[in-house]
Amino acid sequence: MRHEIRFSGFGGQGIILAAVILGRAAALYNGKYAVQTQVYGPEARGGASMSSVVIDDEPILYPEVSVPDTYVIMSREGFERYGAKAPKEAVMLIDPDMVEGRPECTFHEIPATSEARNTLGKVIVANIVMLGALVAATGIVSEDAIEKAVLDSVPKGTEKLNMSALRRGMELVREKKG
Amino acid sequence: MQGNTACAEGALAAGCRFFAGYPITPSTEVAEHMAVKLPKTKGVFIQMEDEIASIAAVIGASWTGARAMTATSGPGFSLMMENIGYAAMTETPCVIVNIQRGGPSTGQPTLGAQGDMLQCRFGSHGDYSIIALSPASVQEMFELTVKAFNLSERYRVPTFLMGDEIIGHMRERLTIPDSVEVIGRKKLDPGTMPFKAGGDDIPGFPVFGEGYGVHVTGLTHDERGYPATTNPKAHEKLVMRLVRKVESARKEIADYRVTSPDAEQVFVSYGAPTRTVHQVLHDRPKEEIGHLQLRVVWPFPEFALSEFPEAKSFLVPEMNLGQMAREMERHTDVPVIPIPKLGGELHTPDELVRALEGSR
């Protein structure tokens, strides 16, 4: 089964890294095939950023996302450009403090940025909070796989912070599910 | 792993121990990875002041016997052109990676293109030949970089890895083999003139520092290596050999993949659009659709077109305005249908299906 996941936000939020980590979890720790691609502008920070992951049980031929089934949206521009027209069957995770609009598809409001800033003390891990929420909401990769992939990808000394962020994201989904 | 990183890993596996370059999107990760890894292998990494200096340093390193490479894109590639001709004229093995982005000029730094396919073949002045390869996956970024080094060393010719932003920045699983085949350059027999070639048109290489006295010049030179700039025969003999040593070895150099040779409609692709063709073939298993994937693009393997004796049309998706389609037209009476795409995005499967249906 082919899954197409799109992340969008702005440069500096770790939009590309989030996709890289998800692809790594699928390809290296869940025995699947994954391809990660991205679109970004020449700006280092603040410009629009979009990245995608295709995950499949079979080798991936066409590497780009055509119609995503899963979205992670972390900016207003990202919502307007990529999220607003999501098909009804899709699932979307939105940071409600960053995005005003709401889609017609199923969505989860995950206040990743404020959780990262206020609860975890570092806004930089908002992308990891989102990854935790994504895995809890969709089961697209296993929790074990995403943990390993996060640990592979973050700088030494930040493992604890990033693991807390990942778990916080998972909790946010479970609290809502009640 | 990312395509650009896989390219750097391929270079290291092939024995590359010298990299000189100037960072430019979307090729920078090749340099970044070499900067981390080369010092650990007793290799040398130099960030140069610009791209023409980069290729100059690579040429110099190659004359000391090192396997040497550089990586660039668009504007940097244009800056390298003069010294690429120097590498061709002096028969210097070297690998030039071009992760193509949208042009002309600074164009689209962060998006993919295949607009430099003719520039890599003809971009420097004068007549000469080169070898160019085009990868369509992260795995091929690794494999074809290894192959580029081997071809460059064997034929003593600048060899290009003509990637694109899509494959260069894409991440997918890479399997690195325990070892790769490494072909070294043939050394000069002492007592032989340094630019005198045998039957294969490839002279032995006199490595600097191994006792040879040799004069290396971009001027027209005789078999001793000394300038012979006003000797018409010497010039003709030299340039004809530079071209012949590559063109007459087209069949040995060729590397292509054939699918459904009995098909009437045949896609011909290289680089990223290959992935879309694979998707179209996968999605339409009941139709007989041919596919020729060129992994070596230059010298152009015109005989590969004859692998499809029933072909009624060749459809050529390219992220340019039909550069290789134009080359194909020289070699076949079968209609060649370019499927050009500009703007930085890969052809979608639907676009190729429309072209396929339109050609029936």
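Helix α1(A) has 15 residues and spans 21 Å from first to last C-alpha, close to the 21 Å expected at 1.5 Å a residue. The expected span is 1.5 Å times one less than the number of residues. Helices (H or I, at least four residues) and strands (E, at least two) are DSSP runs, numbered from the N terminus. The model is predicted: local features need pLDDT of at least 70, side-chain atom pairs count only at pLDDT 80 or more, and totals for chains, interfaces and linings use all residues. Residues are numbered from 1 along each chain as its sequence is written, with chains lettered from A and ligands numbered from 1 in the order in which they are written.

Twelve of the 15 residues of α1(A) are buried, so the helix is largely enclosed by the rest of the structure. A residue is buried if 20 or more other C-beta atoms lie within 10 Å of its own, exposed if 12 or fewer, and partly exposed in between, with C-beta atoms placed from the backbone. Among the buried residues of α1(A) are Ile15(A), Val20(A), Leu22(A), Gly23(A) and Arg24(A). Just after the helix, Gly31(A) takes a positive phi of about 65°.

An open sheet of seven strands has mixed pairing and the order β6(A)-β5(A)-β4(A)-β1(A)-β3(A)-β2(A)-β8(B). Two strands pair if DSSP finds at least two bridges between them. The edge strands are β6 (106-109) of chain A and β8 (171-172) of chain B, each pairing on one side only. Helix α1 (residues 15-29) of chain A packs on this sheet. The helix touches β1 (3-10), β2, β3 (48-56) and β4 (70-73) of chain A, together with β8 of chain B. Its direction makes about 10° with that of β3(A). Axes are lines fitted to C-alpha atoms, for helices over the stretch in contact, and angles run from 0 to 180 degrees between N-to-C directions. Helix α4 (residues 126-138) of chain A lies across β4, β5 (91-94) and β6 of chain A, at about 150° to β5(A).

Strand β3(A) is mostly covered, with seven of its nine residues buried. Eight bridges join β1(A) to β3(A) in the antiparallel sense. Eight bridges also join β2(A) to β3(A), again antiparallel. Ser51(A) in β3(A) stands opposite Phe7(A) and is the bridge partner of Gln38(A). Strand β2 (residues 33-40) of chain A pairs with β8(B), antiparallel, over two bridges. There, Val35(A) has Glu172(B) as its bridge partner.

Between the chains, 15 residues of chain B are in contact with 17 residues of chain A. Contact requires C-beta atoms, placed from the backbone, to lie within 7 Å. On the chain B side, the elements giving two or more residues are β5, β8 and α10 (273-283). The largest share, five residues, comes from α10(B). By class, this side has four nonpolar, seven polar and four charged residues. Ala, Val, Leu, Ile, Met, Phe, Trp, Tyr, Cys and Pro count as nonpolar, Asp, Glu, Lys and Arg as charged, and the others, Gly among them, as polar.

Chain B is assigned domain 1 (1-253) and domain 2 (257-358), with bounds from an automatic or database domain assignment. Their centres, taken over C-alpha atoms, are separated by 27 Å. In chain B, 30 residues of domain 1 are in contact with 21 residues of domain 2. The domain 1 side has 16 nonpolar, eight polar and six charged residues.

Notes:
Two residues are in contact if their C-beta atoms, placed from the backbone, lie within 7 Å.
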